[in-house]
Amino acid sequence: MSIDTVDRTASRPEAAPLETPGRRRQRISTGILIAGVGVLLLVGLASTDGSARFALSDAFDEVQLPTVTVPGFTTVLVCGLLCLAAAVGYLSGSLRGRWPVLAGAVAGLAVVMGFLTWAASGRELPFPVSNQFAGTLSLATPLVFGALCGVLCERSGIVNVSIEGQFLSAAFAAAIVGSLTSSVPAALIAAVLAGLVMAALLAVFSINYLVNQVVLGVVLNLLAVGVTGFLFDQLVEPASLKYNSAPVLEPLPIPGLASIPFFGRVLFEQNILAYLAAISVFVVWLVLYRTTWGLRIRAVGEHPEAADTVGISVRGIRWSAVLAGGVFGGLGGSFFTLASTGSFTKEFTVGNGFIALAAVIMGRWHPVLASIMCLFFGFVTQMASQLQTLSTPMPSQFLLILPYVATIIAVAGLVGRVRPPAADGIPYEK
Amino acid sequence: MSPEPRKRRLVIPWSDVLITIASIVLAFIVGALLMIFSDTEVRSKFAYFFARPSDALIASWEKISGAYAALIKGAIGGYGPITETTAQAAPLICAGLGVGLAFRAGLFNIGAQGQAVLGAIVAAYIGFTWHLPPGIHLLLAILGGLLGGAFWGGIVGWLKAKTGAHEVIVTIMMNYIALGLLAYLLTTPAFQRPGRTDPISPIVDWNATMPRLEGGQLHLGFLLALLAAVAVWWLLDRSTIGFAIRAVGANPHAAATAGMSVARTTIITMFLAGALAGLAGVQAALGPSASGLPVPLSLGIVGSIGFDAITVALLGQSKPLGTVLAGLLFGALHAGGLAMQSVAQTPLTLTTVLQALIVLFVAAPALVTKIVPFLKPRKTRAFGPVPEGGLA
């Protein structure tokens, strides 16, 4: 990495600022990526016929918005050409200032629009746009909680690979307590407590016993899988009515706002956890960047020795950050039980904790960026499942892996090398 | 560097051994508590514990001893169980070697699962599609599986080297993609068994099935696992590329300054790690099951080998001999767990708990010596070769 960052401009101070090899490689890989997608879209023209329809409102909505119809061939062609134009801009290296960002945004929109038009053109059903956005938000909710958990831990210098385990144990606790008490608040509290217990295990072993944190995360995940799986087999399965029928969260329309056409249904008819997630993003940002505690968390994550020298308790701050993360991990876990069927099945968080971890890294350890990455992932996942119902030319198994492929492309082509907090993963010994 | 020629003596690290044994015992104790707590019948007897403690204690003892006796008997009680242990251990050792090799280069390979799936896909496909003479058929199927896993791992290494994409993210995603690929392939005519609509493949040819010894489950796979361990030892300790792998793992900046190509080493390491995990997949696809025939390709073909392999590599401290021993221990747990499930009706998931607890205790020797004070604290850190800083 040191080679990438060698500044070649140093010898020629009068020349225009040259880019470093690392940036150049990043620019070119982004350009090639966009060009490749553009070419794929143009290849897709061969199988595009008829027109694509996008339904802006659901059949059951009070206010019916029109269904937008676009000509399939032309739209895909325009989107493909836009991608190629953006790619040329990137590859030629002539884009300066804010132009690369703009070109990237145009290319991103063109990719989504072109792909959707290609998939939806000539189908009998229109593509449900409002469902797409509403589903994106509900898929992203647990991911956002998980990402916030990861951001808090890692900003303090503790790598948290066990978000998945926190999700799983919290979901299990929510199912059991929710079933026994038939109360949503009790289930939420139980989930948060389970998240806290897992976080405390992470903290005690990583901070006090100095265990390698990635190792620890993997083991804690396994422990969560084992304990919830064993208790499920032994205790819950034989009496699932008693232990595994928790109440579910109802959508909570915000009066007034929920009746706005399109946006009301998408944004203001979610359940309580989704609102909480949105608020949490703001709160975590505020805490990390505007409070003393947040400053200390970041200091401890970047340079614990320096923080220690000025009298900050490194262990104390790390403990508090990991526990705060555990609260979010628990809330995210409760979503799987309480926002779907109210029951737990073994390993049913299916890797969402790892996706949240990926969002943390892609979002460069920033709460808002990480949450945007969660929305991106939710969007692609929801798009894949929407397209399944349209009987597109793609086999459904390929649609299901689309989110994962999209993440790899995003990580490899767009995000590239990222810089974690300097002391991330390094135990602190006084 | 000491000036005198290096003489290696095999020193048995007694305190390590004792800590490991203590960790296993502690894990079994916690597992026992979990069993008592979760058993409705036993718990009901604890309700009147103070009136008649013997009931509760006897019920607990019966529950625990029944389960653990079945576990031990199923793991090492005779020739049959021991060979079952080796059969379970073989893929764990292979995939564990793959994860461990990547550790040594400072790479966290969570993707052994996906690499094993690819290995299983290719090996099984060659196994049931081609019809070749004995020997050649098996050899080609194994090589194909190795290449499949290596390809899957190599992609990760290439992306990491060329774009800086974080290997943890990429390997996690590649696991899902491998599973999706398998799900898709099993719906295509090339892979689906004729006359079936569910996702299951034809049975692998007899010529491509790993030969086994009569009367047990000891098959070629275990021998291959041991050979792989020797090969990895040779690679790491005796070859130039192995030196580069260790150098890059210890300090990539220093390795780059010394003229080693970090990018090239990354790609080669992930390629080899993928091949080793692919070998685990080969064993899942071509190794004979209890009936003597290999398990046909289906969605659950490799089970959770790839994830268990991470714990195997951790417990084995990423060293070949350690990985073999750790693989045997967890293989014994799996084999015993199956017996425990059928004999004592204790869910197999208990072995997952035990596995996690063992690694957790071994990883924190300070905790073990606190609980068991007469053990001397060991001086070296656990998991030396694991990448420090993790996600950096």
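**Two chains, their fold and their contact**

Buried residues make up 50% of the 430 residues in chain A. The model is predicted.

User: How many helices and strands does chain A have, and what does the radius of gyration of chain A say about how compact the chain is?

Analyst: Chain A contains three strands and 16 helices. For 430 residues the globule rule gives 22 Å, and the radius of gyration of chain A is close to that value, so chain A is as compact as a globular protein of that length. The radius of gyration of chain A is 24 Å.

User: What percentage of the contacts in chain A with a separation of 6 or more joins residues 24 or more positions apart?

Analyst: Two residues count as in contact if their C-beta atoms lie within 7 Å. Among contacts in chain A with a separation of 6 or more, the share from residues 24 or more positions apart is 76%.

User: Which helix of chain A gives the most to the side that touches chain B?

Analyst: The contact draws 47 residues from chain A and 44 residues from chain B. On the side of chain A, helix 7 (213–236), helix 14 (352–362) and helix 16 (396–415) each supply at least two residues. With 17 residues, the helix of chain A that gives the most is helix 7.

User: How many nonpolar residues does the side of chain A that touches chain B have?

Analyst: This side of chain A includes three charged and 13 polar residues. Its nonpolar residues number 31.

User: What is the radius of gyration of chain B, and what would a compact globule have?

Analyst: Chain B has 15 helices and zero strands, and 54% of its 392 residues are buried. A compact globule with 392 residues would have a radius of gyration near 21 Å, and the value for chain B agrees with this. The radius of gyration of chain B is 22 Å.

User: What distance separates the centres of the two domains of chain B?

Analyst: The domain assignment of chain B gives domain 1 (14–76 + 330–380) and domain 2 (90–315). Taken over C-alpha atoms, the distance between the centres of domain 1 and domain 2 of chain B is 32 Å.

User: Which helix of chain B supplies the largest share of the side of domain 1 that touches domain 2?

Analyst: Domain 1 and domain 2 of chain B each give six residues to their contact. Helix 13 (320–344) and helix 14 (349–363) of chain B each supply at least two residues of the side of domain 1. The largest share, four residues, comes from helix 14 of chain B.

Key: Residues are numbered from 1 along each chain as its sequence is written. Chains are lettered from A and ligands numbered from 1 in the order in which they are written. This is a predicted model: local features need pLDDT of at least 70, side-chain atom pairs count only at pLDDT 80 or more; totals for chains, interfaces and linings use all residues. Ala, Val, Leu, Ile, Met, Phe, Trp, Tyr, Cys and Pro count as nonpolar, Asp, Glu, Lys and Arg as charged, and the others, Gly among them, as polar. The radius of gyration is taken over C-alpha atoms; the globule rule is 2.2 Å times the number of residues to the power 0.38. A residue is buried if 20 or more other C-beta atoms lie within 10 Å of its own, exposed if 12 or fewer, and partly exposed in between; C-beta atoms are placed from the backbone. Domain bounds come from an automatic or database domain assignment.
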